[in-house]
Amino acid sequence: EIFDEKVQTPVTEALLRGWRDAAEARGERFVLMVCGVQTATWPRARDIALLAKRCGVDVIAGGVHLSAHGPSLEFLVSCGVSVGVGEVETIWDRIVDDCCAGTLAPIYKLGPEDGLRVKSGFEDITVPELERMPYQYVPPTAMRRYLNSKHLFIDSSRGCPFICSFCVVKNAFGRSMRSREPSELLAWMADKHDRDGVRYFGFIDDNFVRNPRHLEVLEGIAKLRAGGRKLQIGLMLDVESSCYATEESPRG
């Protein structure tokens, strides 16, 4: 069940107990997964996790903030909340099995044998090979809760080679650029357009132009549009790059 309190209703103790009791009545286990925790959402995510623990509910949380801020991770673990560190898609089956068995570990992260070893801002970490990663699936029924139900987000690459002090990307995703297979990405976009009516794709790559295959992605999107598919894309671009875009300058 995908639940977003911003477009549905606030998570309360009564709501959590209702979910727990309904699952028990069906002979199932209810586990709360607090996903995509960013620094701005950390206080609310922490409060929801602690509220669920008070209701006797198992909780696992993950996101960029918890992957890069040790004190927050340590606090949740000390309160009995499990934490997924970094990119855990490739061990998701292991996490789900532990959820069902009631044997959640305190911390889940990729080991050296689970992927590629790359440098971060302070140590080597393990990240998955992006070419083998599955694409996300959001049920259309869940998307209908939002103002723009025809809008999906996707990444064509992960990582960033720079070590900017203000940015956590290097520590959460590593400094080696990894790319999805452009042909598979474009096929997924075409399927979402044709099957689910998606019209806007927002790319969340932290450093899109550092993806060594970003031109293949852009050229492929242009071909999809030329073939009659009415889709739009959104990219995050560097401010300095955009302000020189119309000037005759070496930066242009």
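Predicted model: local features only at pLDDT ≥ 70, side-chain atom pairs only at ≥ 80, totals over all residues.

Which side chain meets that of Arg213 in a salt bridge? The partner is Glu216, and the two side chains approach to 3.0 Å, N to O, where a salt bridge is understood as a side-chain nitrogen of Lys or Arg within 4 Å of a carboxyl oxygen of Asp or Glu. Arg213 is partly exposed, with a relative accessible area of 23%, and Glu216 likewise counts as partly exposed, at 38%; the classes are buried for under 20% relative accessible area, exposed for over 50%, and partly exposed in between, computed with a 1.4 Å probe on protein chains only. Elsewhere, salt bridges that share partners join Glu87, Glu89, Asp155, Arg158, Arg178 and Arg180 into one network.

Residues are numbered from 1 along each chain as its sequence is written, and side-chain values use heavy atoms, with hydrogens and water left out.

A search of the whole structure finds 21 salt bridges. One of them can be followed along helix α8 (residues 182-196), where Asp191 and Arg195 lie four residues apart, about one turn of the helix; helices here are DSSP runs of H or I with at least four residues, strands are runs of E with at least two, and both are numbered from the N terminus. The side chains of Asp191 and Arg195 meet at 3.0 Å, N to O, with Asp191 partly exposed at a relative accessible area of 30% and Arg195 exposed at 61%. A further salt bridge links Glu28 with Arg26 at 2.9 Å, N to O; in this pair Glu28 is partly exposed, with a relative accessible area of 41%, whereas Arg26 is exposed, with 54%.

The remaining stop is Val88, which is placed in the loop between β3 (82-84) and α5 (92-101). Although Val88 sits in a loop, this residue is buried, with a relative accessible area of 13%. Once its neighbours within four places in sequence are left aside, Val88 is in contact (heavy atoms within 4.5 Å) with Ile95, Tyr108 and Lys109. Val127 lies 39 residues from Val88 in sequence, and the C-alpha atoms of the two residues are 8.4 Å apart in space.
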